[in-house]
Number of protein chains: 2
Amino acid sequence: MKLRPPARGVVLCGFMATGKSAVARALARRLGLQAVETDALIEQRAGKTIAEIFQQDGEQAFRDLESAAVAQVATQSGVVVSTGGGALLRPENVALLRQMGPLVCIQASAETIYQRARRNSRRPLLHGDDPQAAIARLLKEREPVYTQADFAVTSTEQGSPAGVAEEIVALLSGDSRTAGLTGQPLLVPVEVPGAAYPIHVGFGLLGRLGELVPPPRAGARAALISSVTLGGSYGEAARAGLWAAGWEPTLHLVPDGEQAKQMAVAERLCGELVEAGHDRGSWVFAVGGGVIGDLSGFVAALYMRGVSFVTVPTTLLAQVDASVGGKVAVNLPQGKNLVGAFHQPRAVVMDLETLATLPARQWAEGWAEIIKHAALADAEMFAYLEEHLAEIDLTQHAALQYVVGRNCQIKAEVVAQDPEERGWRAVLNFGHTVGHALERAATEWSLGHGEAVGLGMVAETRWAEAHGHTPAGTADRLAALLEKAGLPAAPTGLDLAAARPALKTDKKLLAGRLALPVLSGIGSVRLLPDVGLAEMEEALQWTAKR
Amino acid sequence: MKLRPPARGVVLCGFMATGKSAVARALARRLGLQAVETDALIEQRAGKTIAEIFQQDGEQAFRDLESAAVAQVATQSGVVVSTGGGALLRPENVALLRQMGPLVCIQASAETIYQRARRNSRRPLLHGDDPQAAIARLLKEREPVYTQADFAVTSTEQGSPAGVAEEIVALLSGDSRTAGLTGQPLLVPVEVPGAAYPIHVGFGLLGRLGELVPPPRAGARAALISSVTLGGSYGEAARAGLWAAGWEPTLHLVPDGEQAKQMAVAERLCGELVEAGHDRGSWVFAVGGGVIGDLSGFVAALYMRGVSFVTVPTTLLAQVDASVGGKVAVNLPQGKNLVGAFHQPRAVVMDLETLATLPARQWAEGWAEIIKHAALADAEMFAYLEEHLAEIDLTQHAALQYVVGRNCQIKAEVVAQDPEERGWRAVLNFGHTVGHALERAATEWSLGHGEAVGLGMVAETRWAEAHGHTPAGTADRLAALLEKAGLPAAPTGLDLAAARPALKTDKKLLAGRLALPVLSGIGSVRLLPDVGLAEMEEALQWTAKR
């Protein structure tokens, strides 16, 4: 199921006298949110009670006031809204409330409602000969209105508001949109041929690592691989999380940086695993950035011909790019990632708190991939980023979980269609042909990979617009969003002449003509067949244009 | 389809006057065999013609003489036998001839038979009022007799004996039993989950290597890995075989011996492949023994995350053991084969001529595995080895092809049932628990792996006999066959006390109790569950007993 942007609140609806207000207050307390009551807003604005509005101005006037209150409350964040019994009668109210978050209907029997309402004579609909029969009739009439809710709970005479609130929290745990409100990590299931594994995206997950993987089987050992720098902090936190679940991981540290990704280091690690007594049933946990993930995955793929593997990526780029796809590798003196394997993890655990120590430029690297995936496959996510990216930081749990989780989901969908890189997976190379040429020519100005890919996406899209493959304006939207993420959308002082030779030695172009990913629009991509060097040289020129 | 022991000859049968004798002579010329005619043997023995025997002694006497001739000819090898028209009337004749090789029926129409028979008045059955009607009636009557043949060809008035012989050769190419007679390599299809590939077993295949793999696709490159010693001879022959098919393989040599099986050598090879311009579409060919196969397969599994791989094993042990199963690996300083992968080859090509340079002790290593596989799964092959092993050498093409091919087939059947070594594949460890203990304790007396496994099989089987798991006498048959192959069936001067500690550190026993393969009889194995150290120490003691 597609992950949707996070809910800003929870909306309670239901018949009068079902206890919505009390439940809203209990639920707000439980989740650390603010309780808001549309009826209270109406009374405040009108300067009189609901009953007085009904008596003096009629129901129509009340409904207008209610719509205005719904429109006001629907823009808020971090709230539990309790609505009046008839608030869902108008479809525009339903639409506005839905945008805020899930609608939860509080149900009660006619008898319960009657008993509760009797205690409060202000209820305007309760006057007549046989009020209980009137309630039952109206309940029946309103049934289709309340079935519009996403969830329903039942309130009884005996139940406490706190109890109902707890039931709602349990229901919401099944809705990924409210993970940010309830403090739950997001669970993104990945299914690629021959493997299915969960990605957990949340805060404070290092210490809960042991809960997020299967419990150790009798005699099963764990090896935790991390870097010298991260080992003492994140490595130890993860180790504690594993200890808590009964694992007794041995710790293996490698030097920081790209130079750890080599055969000799992998061999040394395998030797350490032997000496620590690890066998085919052992699990390897990798705690660190892309280098640690690639290297540890390579070790896990080869040790005793393959052992179970869990990645705990601690950089945004490793989370949004390397954690899906099963590609593991080390470098050769002759080039990067030339020796490797496909080895799917058993689980990926992303503790977004580890991003607290991430330098700004590395954040931007991750954003480049996130923006790429949104542009390829999810117009809603792209629009969400256009609206919210500037304000997303580590305090925005719900937003960050959504962005990282949905990103992984998009990549997993592409990988599932082409696990061994035979065709469609090439769409993930969007921006990379021009991007790689810029990056390879750029050693002196040290352009980051994400920065280069950002420039590449914009240049390739401007070229595609010029040739009618992509609707006009798409590149401008891309460029604007990249800038919001702190990425250069246009180059300053780039010598494009230096990038042209790099394009000529591009592996994909050397092998013949390539299938170039071009956007059919934001959120939709296709492969343009049979693109050659001349076209890509022309696309490269678009790097300098606006 | 199960490979059967090789045919010793071809038997032609069919109605009189279908041209059997002439076809037999043509076929014998074509295949370099000797033509034998049962009717000629009968006339020789009786000292009179067939017609005279019929006239003077009656058909019954002729049939008795014919049975004697069949019994005589059925023991011969390298012959094409043509039988009389009624030779298949007696079931005992059919049974005897079947043991020699395939029965080929030469068919002809009644008209053709009549025209041919007319020219030869000696035919005893051709006297009467309407001989053509008599022929047609007898043809109809004999039909069920001739349908016992394995193949049928039709002889016409116009067809030449050489033409019919050529048709028979084409038919025989579909029968693995006659591969030795027709000079064809054997083709053993291997199907393991996720992979299917052919094993070609024959003579002179290095120079035909290019014919035995798919033709190179546009731009596809080949890398040929061999050892310093073999590179100049077998490596160059294989390279020529690839050139002939349009490949242009680069040659990569590694040092001889076990020390080449290490990460640093694999890394160096990968670097050489990069520098030679190899990409994901390149094919790796490994020409050499087990070390070359394991190392090259490891390189092929990792290079660019996996490229196509063909093994050309040049030792008997590599052919009968390492070529099936997809296990590739290198060693660590801490132990053998600790780092590796499962990477199935696209084809395996075994040129048995490469065994010409194999030292006697390495032959014996291979025989130990062959005898193990026969004991596990094929009583017919075991009996064949009991009868023929002593005489099998490089001149015995058919026998050697059968033994190597059937051995690979047995291993492939076990692997197919358990490709990732979760359970049943443990039967391949028959003899290995005691064998490994002997081998590990034996550095000083340098007991070969095959020799140790041979001793282990006998000791484990004697133990199993003593406990009623295996019928009495089985270990004696094993021991006798091992001795025929030049393997020690009983130890001389072995200090078993030195092997006991090695048993204690056996990986499988350390992890708990093991499932021990025991023979239910020759050709049939089961896993005896829950065997512990005490039992294996007792089995070890059987090494010294008879």
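Mentor: Let us begin with a definition: a salt bridge is a side-chain nitrogen of Lys or Arg within 4 Å of a carboxyl oxygen of Asp or Glu. This is a predicted model, in which local features need pLDDT of at least 70 and side-chain atom pairs count only at pLDDT 80 or more, while totals for chains, interfaces and linings use all residues. Residues are numbered from 1 along each chain as its sequence is written, chains are lettered from A and ligands numbered from 1 in the order in which they are written, and side-chain values use heavy atoms, with hydrogens and water left out.

Trainee: Why is the pair K2(A) and E380(A) called a salt bridge?

Mentor: The closest N and O atoms of K2(A) and E380(A) are 3.3 Å apart. The limit is 4 Å, so the pair qualifies.

Trainee: What makes this pair a tie between separate parts of chain A?

Mentor: K2(A) lies in the segment before β1 (9-13) and E380(A) in helix α14 (residues 379-388), so the pair ties together parts that are 378 residues apart in sequence. Helices (H or I, at least four residues) and strands (E, at least two) are DSSP runs, numbered from the N terminus. Both K2(A) and E380(A) also belong to a network of salt bridges, whose other members are R4(A), D378(A), R406(A) and E413(A).

Trainee: In chain B, K2(B) forms a salt bridge with D378(B). Why is D378(B) called buried?

Mentor: Buried means under 20% relative accessible area, exposed over 50%, and partly exposed in between (1.4 Å probe, protein chains only). D378(B) has 1%, and is therefore buried. K2(B), at 37%, counts as partly exposed.

Trainee: What makes E211(A) exposed, and what is its salt-bridge partner?

Mentor: E211(A) has a relative accessible area of 55%, so it is exposed. Its partner is R208(A), with the closest N and O atoms 3.2 Å apart.

Trainee: How do you know that chain B and chain A are in contact?

Mentor: Contact means heavy atoms within 4.5 Å. By that rule 30 residues of chain B are in contact with 30 residues of chain A. The two chains bury about 2500 Å² between them, 60% of it on carbon and sulfur atoms; buried area is the accessible area (1.4 Å probe) that two parts lose on being put together, summed over both.
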